[in-house]
Amino acid sequence: MTTLTIIIAAKNESRNIRDCVQSASFADEVIVLDSGSTDGTQQLAQEAGAHVVSTEWPGYGPQQSRGIALAKSDWVLSLDADERITPALQAEVLSAIRSNHADGYRLPRLSSLCGTFIHHGGWRPDYTLRLVKREKAGFTDHFLHAHMTVNGSKADLHESLIHYSYRDLDDVLEKLNRYASGNAKDLDNKGVKGSLGKAIAHGFWAFVRTYVVRAGFLDGRYGFILAVYNAESTYYKYLKLMAIQEAREKPLTPSSP
């Protein structure tokens with residue numbers, strides 16, 4: 001019988017982890033990789049039926065690779081704590097792994113912003129590779145937005161993964177700073193140079209691309225909010241990249257009186 005392990009990386013996800021694990025409970029194994037939660041995430045995950053492994057945080061990609069190495073099933077599915085598998089997607093996942101039609105599957109995502117699901121602005125259908133045969137699965141080593149890889153053929157599923165990406169404005173602001181920092185590290189590792197000019201230009205283009213090119217205006221005021229968020233996160237990403245590089249090249253030293 002074909003088996004499935006679902007891998008969830010988490011830290012301080014007490015408001016999400018129970019529902020996330022419960023939506024994954026159809027799998028043969030659910031592994032939660034917890035990196036130092038202090039809000040009861042580990043206990044909630046265990047109560048919901050997950051196998052919890054306590055680890056340090058090496059970055060998103062290395063953490064997911066660790067989960068793949070721990071998995072015992074034929075297939076692995078990578079899930080974030082703020083995502084949910086619907087009954088319809090569950091049925092499609094099980095059908096896919098039994099059919100053996102491909103070595104990996106991309107899942108479409110339906111994401112929300114402050115309680116409103118977004119259908120434009122680049123957020124839909126947002127296909128992402130998440131379901132892969134364990135022996136052919138891998139992850140890139142990006143610190144923040146690493147992605148799953150497959151050494152083989154790919155196909156697409158149709159039912160959406162539900163993504164409660166930004167619960168409220170506090171969540172938006174917290175993630176803006178955290179994501180800008182993580183993305184700046186990844187850009188620096190790739191050798192990209194930061195500057196104020198790049199921050200302004202890329203930030204402006206992020207707004208235009210989200211709101212106009214990708215029709216974010218069709219999502220009303222939340223489409224506008226998303227476009228501003230993308231502009232700000234891009235702007236600060238390049239500013240943080242510039243700061244990282246300036247600190248490395250010109251360490252701050254006290255000036256003489």
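Q: Leaving out residues up to four places away in sequence, which residues does Asp-219 touch?
A: This is a predicted model, where local features need pLDDT of at least 70, side-chain atom pairs count only at pLDDT 80 or more, and totals for chains, interfaces and linings use all residues. Residues are numbered from 1 along each chain as its sequence is written, and side-chain values use heavy atoms, with hydrogens and water left out. Contact here means heavy atoms within 4.5 Å. With residues up to four places away in sequence not counted, Asp-219 touches Phe-117, Ile-118, His-119 and His-120.

Q: Where does Asp-219 lie?
A: Helices are DSSP runs of H or I with at least four residues, strands are E runs of at least two, and both are numbered from the N terminus. Asp-219 lies in the loop between helix H6 (196-213) and helix H7 (220-249).

Q: Which side chain of opposite charge is nearest to Asp-219, and how many Å away is it?
A: Lys and Arg count as positive, Asp and Glu as negative, while His and the chain ends are not counted. A salt bridge needs a side-chain nitrogen of Lys or Arg within 4 Å of a carboxyl oxygen of Asp or Glu. Asp-219 is buried yet has no salt bridge; its nearest side chain of opposite charge is Arg-124, at 9.4 Å.

Q: Is Ala-231 buried or exposed?
A: Ala-231 sits in helix H7. Buried means under 20% relative accessible area, exposed over 50%, and partly exposed in between (1.4 Å probe, protein chains only). Because its relative accessible area is 15%, Ala-231 counts as buried.

Q: Which residues is Ala-231 in contact with, leaving aside neighbours within four places in sequence?
A: Helices H6 and H7 meet through residues that include Gly-203, Ala-206 and Phe-207 in H6 and Ala-231 in H7. Leaving aside neighbours within four places in sequence, the contacts of Ala-231 are Gly-203, Ala-206 and Phe-207.

Q: Are H6 and H7 roughly parallel or roughly antiparallel to each other?
A: Axes are lines fitted to C-alpha atoms, for helices over the stretch in contact, and angles run from 0 to 180 degrees between N-to-C directions. The axes of H6 and H7 come within 8 Å and cross at roughly 160°. Angles under 35 degrees count as roughly parallel, over 145 as roughly antiparallel, 65 to 115 as roughly perpendicular and the rest as oblique. So H6 and H7 are roughly antiparallel.

Q: At what angle do H5 and H7 pack?
A: Helix H5 covers residues 169-189, and its axis is 8 Å from that of H7. The pair packs at about 45°.
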